[in-house]
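This briefing is meant to be read with the sequence and the model side by side. It takes up one contact question and then goes through a few topics in turn.

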Amino acid sequence: MRKSAHTPEERTKNLMEVFRKAGYEGASLTELSKASGLGRASLYHFYPEGKQEMGRTVLKTAEAWIEQHVTAPLQNPGDAKIRFERMLQTLDKFYDGGGKYCLVETLSLGCGAELFRAELQAILRKWQGSLEQLAREEGLDREQARIWAQSVIVQIEGALVVSRA
């Protein structure tokens, strides 16, 4: 087995970039092998369930990143407007001002939608819940907070789709 040139964290980050650019169906084993620094046989050693397991690993990492850098900071004490602005700045940096594709979008296309529905929904639910909590702190009722939170996510995700186009 060829030794990987990457740590598991680097390997996952590199796999994430392939999925961000190509989606699930478009990510070839050749691209994933190259990005991970692993030969094809080694890919199956580390990811016995193949590409689907790689996708799930990437989504778990994305969910942890969102929890740490987006949802948790939204729930911290302090001025709600400042927390919201920080979230926007964090996401802008993460997506390189729209220069990087959204993993939620690319993995929700084609068969990825079915394969990863639960993981994608969990990520969006946590994000929406944190935004709803923020809106409730600012005096919106439950329904208004839900609508506002969904609107924020749709605007951000929609802008990423447009920038991809």
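Leaving aside its neighbours within four places in sequence, which residues is Thr 106 in contact with? In this predicted model, the residues that Thr 106 contacts under that condition are Phe 19, Arg 20, Gly 23, Tyr 24, Tyr 101 and Arg 164. Thr 106 belongs to helix α6, which covers residues 103-107, and its relative accessibility of 1% counts as buried, because the limit for that class is under 20%.

**Helix α1**

- Helix α1 runs over residues 8-26 and has 19 residues, yet its end C-alpha atoms are only 23 Å apart, whereas a straight helix would reach 27 Å at 1.5 Å a residue.

**Aromatic pairs**

- Five aromatic pairs are found when the whole structure is searched.
- In one of them, the ring centres of Phe 19 and Tyr 24 lie 6.2 Å apart with the planes at 10°, so this pair is stacked, and both Phe 19 and Tyr 24 are buried.
- In the pair formed by Phe 94 and Tyr 95, the ring centres are 5.0 Å apart and the planes stand at 80°, so the arrangement is edge-to-face.
- Phe 94 is partly exposed, at a relative accessible area of 23%, while Tyr 95, at 9% relative accessibility, counts as buried.
- Phe 19, Tyr 24 and Phe 116 are linked into a cluster by ring pairs.

**Arginines over rings**

**Glu 31 in helix α2**

- Glu 31 is part of helix α2, which spans residues 29-36, and with a relative accessibility of 38% this residue counts as partly exposed.
- Glu 31 and Ala 64 are 33 residues apart along the chain, and their C-alpha atoms are separated by 24 Å.

**Cysteines**

- The search of the whole structure for disulfides finds zero.
- For Cys 102, the closest cysteine sulfur is that of Cys 111 at 17 Å, which is too far for a bond, because a disulfide requires sulfur atoms within 2.5 Å.
- For Cys 111 the closest cysteine sulfur is in turn that of Cys 102, again at 17 Å and too far for a bond.
- Cys 102 counts as buried, at 0% relative accessibility, whereas Cys 111 is partly exposed, with a relative accessible area of 32%.

Note on methods: Residues are numbered from 1 along each chain as its sequence is written. This is a predicted model: local features need pLDDT of at least 70, side-chain atom pairs count only at pLDDT 80 or more; totals for chains, interfaces and linings use all residues. Side-chain values use heavy atoms; hydrogens and water are left out. Rings of Phe, Tyr and Trp (its six-membered ring) pair if their centres lie within 6.5 Å; planes under 30 degrees apart count as stacked, over 60 as edge-to-face and the rest as tilted. Buried means under 20% relative accessible area, exposed over 50%, partly exposed in between (1.4 Å probe, protein chains only). Helices (H or I, at least four residues) and strands (E, at least two) are DSSP runs, numbered from the N terminus. The expected span of a helix is 1.5 Å times one less than its number of residues. Contact means heavy atoms within 4.5 Å.
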